[in-house]
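Morning, everyone. Please bring up the model on your screens, and we will walk through it together.

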Amino acid sequence: MKYDELDLMELFLSESESLTDNIGDGNIMYKISKDDFTLKIFIRTYENQISVFLTYKEKEIFYGDFDNITELKKEDTYLRILREESTIASLCFGTMLSISIEKQ
């Protein structure tokens, strides 16, 4: 899976955290909060999997697991989740955090 750590740090305004306390195993999380919304992504690099969580006032409003991910790509205020050349989901980091899922 391809992604640029600097792009993710720019969108999430923080560095990644290890999911397993083992930095080198490729299991990382990024998190950002705006107002009462929190967006988290869990990246399992070697399995090519992404999990996305969006909560509002600590209540889960969206959860999605995405398999066979080939790339995470930053475009302006969006993070595109790609499977081969197709965008399957977009995370928006605008004035409000949001997620859109593409028809598959």
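Which residue does E10 form a salt bridge with? The partner is K74, with the closest N and O atoms 3.2 Å apart. A salt bridge here means a side-chain nitrogen of Lys or Arg within 4 Å of a carboxyl oxygen of Asp or Glu. E10 lies in helix α1 and K74 in strand β6, residues 71-75, so this pair ties together parts that are 64 residues apart in sequence.

A quick word on the source. This is a predicted model, where local features need pLDDT of at least 70 and side-chain atom pairs count only at pLDDT 80 or more, while totals for chains, interfaces and linings use all residues. Residues are numbered from 1 along each chain as its sequence is written, and side-chain values use heavy atoms, with hydrogens and water left out.

Helices (H or I, at least four residues) and strands (E, at least two) are DSSP runs, numbered from the N terminus.

Next, exposure. Buried means under 20% relative accessible area, exposed means over 50%, and partly exposed is in between, with a 1.4 Å probe and protein chains only. E10 is partly exposed, at 49%. K74 is partly exposed as well, at 23%.

How many salt bridges does the structure hold? Three. Side chains of opposite charge can pair when their charged atoms come close. R44 and D65 meet in one of them, at 3.7 Å, N to O. R44 sits in strand β3 and D65 in strand β5, residues 59-66, so that pair ties together parts 21 residues apart in sequence. R44 counts as buried, at 19%. D65 is partly exposed, at 42%. R80 and E75 also meet in a salt bridge, at 3.0 Å, N to O. E75 is partly exposed, at 32%.

Back to helix α1 for a moment. L6 is found there. Is L6 buried or exposed? Exposed, at 59% relative accessibility. The C-alpha atoms of L6 and K74 are 10.0 Å apart, and 68 residues separate the two along the chain.

Now go inside. A nonpolar core is a set of buried Ala, Val, Leu, Ile, Met, Phe, Trp, Tyr and Cys residues joined through side-chain atoms within 4.5 Å. The largest one has 23 residues. Those with the most contacts inside it are F12, L39, L79, I81 and F93. Elements giving two or more residues to this core include α1 (5-12), β3 (37-44) and β8 (86-93).

Finish on F12. Contact means heavy atoms within 4.5 Å. Leaving aside neighbours within four places in sequence, F12 is in contact with Y30, K31, I32, L39, I41, L79 and F93.
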